Amino acid sequence: MSKIISIHSFRGGTGKSNTTANITALLAQRGLRVGVVDTDIQSPGIHVLFGLDEEHISRSLNDYLWGKCEIKDAAMDVTSILQQFKPGLKGQVFLIPSSIKAGEIAKILREGYDVGLLNDGFQQLLEDLQLDVLMIDTHPGLNEETLLSIAISDALAIIMRPDNQDYQGTSVTVEVARKLEVPNLLLVVNKVPPVFDFDHVQQKIEQTYNCRVGAILPHSDEMMVLSSSGIFVLKYPDHPMTARLERLASLLIA
Amino acid sequence: MDRPATQPGWGFLVRMALLGAVLYAATSWVTVFATTSSSAIAGNLRPGVAIPIFFGFAFGPLVGFVVGFGGNLLADTLTGFVQFPLDASSPRALAASLQINWQVANGLLGLIPGFAVLRQWCYQTREGLLKALALTSFAVVGAGLFAAVLDPFVFVYEDQTTIWQTVARDNLPLVLINWIYAAVIVPILLFNYAYRHLYGPAMLRAGLMQRVLLTVVISAAVPIIMLSIFLLEANARLNGGWSGAFGGVFFQLAVTILMTTVFILTNAALMAQSMTRPLIELSASARAMEKNTLTLAQAETLKATTGDDEIAQLSRVFGTMAQEVIQREQELRKHVQELQIMIDEHKRSDQVKEIVETDFFRDLKQKARAMRERGKAQPASTNE
């Protein structure tokens with residue numbers, strides 16, 4: 001039974017795209033067929049983690065939203081990129097990127113798009129590509145389209161940093177997600193300074209937000225140095241951070 | 001650790017003095033055959049001359065003097081140069097039968113270096129060893145001159161040669177050769193003594209230690225063995241073939257070879273330990289650091305390692321690095337704050353209301369519910 005997993009956050013820079021890419025890779029390693037949609041039309045970024053740039057992208061989500069193509073035409077099979085690290089990979093990964101052409105971004109923001117079409121597209125993908133999981137990399141903040149992603153998700157990971165700018169907004173997001181009755185709602189605390197007691201952080205967050213914590217991810221120098229040039233869990237399969245992400249993946253797919 | 005204890009007990013000093021005197025007497029007695037051909041007086045070549053000098057450096061002037069004086073007196077008694085009962089007919093006769101100038105001269109060998117104790121030189125460094133060498137030279141030359149100059153006053157010579165002729169003809173060669181012995185052996189003894197805190201039987205199991213030990217022993221043993229065979233064979237030849245193998249200077253050769261071999265082996269063991277032990281300890285510290293079990297005190301000990309060579313430098317650098325890392329971690333842990341999350345509850349419920357009390361939201365919620373119940377049926381695309 002296929003699942004839709006959304007990765008969301010109140011503010012930008014919390015690590016949504018990185019987390020999405022890493023969870024995708026981990027699920028693919030389990031042999032699943034995973035689709036990833038970059039719905040951050042304003043500032044698309046996840047394609048970078050898969051090593052793609054303008055030359056590689058022919059059709060994008062924008063094209064689908066403008067009715068220029070079917071959504072499956074915008075899907076790129078990026079399994080080979082993962083297979084560079086894991087030659088025997090059994091799963092498959094499809095990326096539906098947002099356009100990175102400045103003109104197209106400006107156009108779609110100016111003109112808007114039919115949010116419902118987006119939802120249709122998601123369902124279409126699940127069918128056409130026979131996906132086990134559809135990962136939605138949302139853009140930050142609450143608006144119609146992110147609310148929609150949340151509404152149709154089977155699992156939602158809300159990413160936050162232990163930062164004062166995130167606390168208030170995240171509490172609103174959690175509350176709204178609860179009202180939308182998301183079956184599997186998890187908080188992810190990212191970029192936690194290693195000097196904090198992680199158990200204590202988890203307790204505090206769970207208490208404050210009355211929501212289960214899916215993972216506490218430490219601030220990592222290796223991650224910073226990798227700087228989204230690749231997928232962390234593929235490059236550092238034995239790193240403790242990878243183990244934490246594995247647990248998160250298990251919780252999301254349960 | 002490379003300096004004598006500041007206040008050793010008197011019992012300890014007495015024991016050391018006795019030990020030194022016995023050692024000096026024993027080694028002197030064994031090498032009594034070694035004389036320079038021109039000495040008309042009872043002076044001989046002694047590798048053992050290093051002993052009173054070393055004891056002086058290690059335990060101070062008093063112990064040094066006793067070792068030199070007492071050891072020589074004992075040796076003279078054993079070899080018959082001094083015979084009891086002494087001739088007490090006159091002060092001069094007493095002095096002569098006791099060979100007092102020689103006893104005191106040997107005492108000086110230990111007394112003079114003893115004053116280095118006040119300066120607390122570090123015998124792990126080249127600088128310290130050179131200073132020790134200078135003082136050793138001074139002691140050997142001084143003691144030799146002392147005995148030589150007083151000789152004509154103590155003893156009666158048949159030929160009334162001048163003091164300086166005595167000195168030049170008999171004593172200078174003696175002093176020179178004994179100086180060579182002292183100059184070579186004393187620094188080695190001091191060096192090994194300076195590292196004595198490193199020695200222990202367990203070290204012999206470490207791989208690095210065994211390799212170094214083997215290297216030193218082989219490099220020294222091979223020349224010794226070859227030289228020994230040659231010398232014994234030459235000795236036999238000079239005594240008319242192998243039947244005379246045990247004649248001539250066989251005893252002296254055998255003793256010399258034995259003493260040299262013992263010295264080499266002991267030295268090899270000690271030097272190997274002094275070289276490898278710091279490395280082995282450093283490697284253990286590195287492992288501890290990896291497991292995060294290295295303490296600040298251990299790091300500071302490493303940082304304070306004395307010595308000139310690269311191994312000592314490495315230990316110091318490592319100690320400094322480790323100290324910095326451990327201190328930084330401790331500082332960070334001190335500043336760990338409790339996670340403070342302040343949520344303005346009123347604001348939150350207001351903001352939530354803003355979102356959920358819209359038609360769009362209500363509509364969305366309904367559709368979502370329906371979708372979940374029907375299992376992924378598509379909501380109509382009627383949102384604006």
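User: What kind of unit do β6(A), helix α8 and β7(A) make?

Analyst: Strand β6(A), helix α8 (residues 164-179) of chain A and strand β7(A) form a right-handed β-α-β unit. Right-handed means that, with the strands pointing away from the viewer, the path from the first strand over the helix to the second runs clockwise. Helices (H or I, at least four residues) and strands (E, at least two) are DSSP runs, numbered from the N terminus.

User: What are the ground rules here?

Analyst: This is a predicted model, in which local features need pLDDT of at least 70 and side-chain atom pairs count only at pLDDT 80 or more, while totals for chains, interfaces and linings use all residues. Residues are numbered from 1 along each chain as its sequence is written, chains are lettered from A and ligands numbered from 1 in the order in which they are written, and side-chain values use heavy atoms, with hydrogens and water left out.

User: Which way do β6(A) and β7(A) pair, parallel or antiparallel?

Analyst: Strand β6 (residues 155-160) of chain A pairs with β7(A) in the parallel sense, over six bridges; pairing requires that DSSP finds at least two bridges between two strands. A:M160 has A:V189 of β7(A) as its bridge partner.

User: Why is β7(A) described as largely enclosed?

Analyst: Eight of the nine residues of β7(A) (residues 184-192) are buried, so the strand is largely enclosed by the rest of the structure. Buried means under 20% relative accessible area, with a 1.4 Å probe and protein chains only.

User: And β4(A), buried or exposed?

Analyst: Four of the five residues of β4(A) (residues 92-96) are buried, so this strand too is largely enclosed by the rest of the structure. Strand β2 (residues 33-38) of chain A runs parallel to β4(A) and is joined to it by five bridges, with A:V37 opposite A:I96. Strand β3 (residues 76-77) of chain A pairs with β4(A) in the antiparallel sense over two bridges, and there A:D77 stands opposite A:F94.

User: How many helices and strands does chain A have overall?

Analyst: Chain A has twelve helices and eight strands, and 59% of its 254 residues are buried. Of the contacts (heavy atoms within 4.5 Å) between residues at least 6 apart in sequence in chain A, 78% join residues at least 24 apart.

User: Switching to chain B: which residues does UniProt list as "transmembrane region"?

Analyst: The unreviewed UniProt entry lists several spans of chain B, including residues 48-69 and 212-232; such annotations may be inferred rather than shown by experiment. Residues 48-69 of chain B are 86% helix and 0% strand, with end C-alpha atoms 13 Å apart. Residues 212-232 of chain B are 100% helix, and their end C-alpha atoms lie 30 Å apart.

User: What is the mean pLDDT of chain B?

Analyst: The mean pLDDT of chain B is 81, and 86% of its residues reach 70 or more; pLDDT is the predictor's confidence in each residue, from 0 to 100. Over residues 38-42 of chain B the pLDDT is below 50, yet this stretch has ten contacts beyond near neighbours in sequence. Residues 377-384 of chain B are also below 50, with 19 such contacts. Where pLDDT is low, the predicted coordinates should not be read in detail.

User: What does the model score for ipTM and pTM?

Analyst: The model has ipTM 0.80 and pTM 0.54.

Conventions
Buried < 20%, exposed > 50% of the residue type's maximum accessible area, 1.4 Å probe, protein only.
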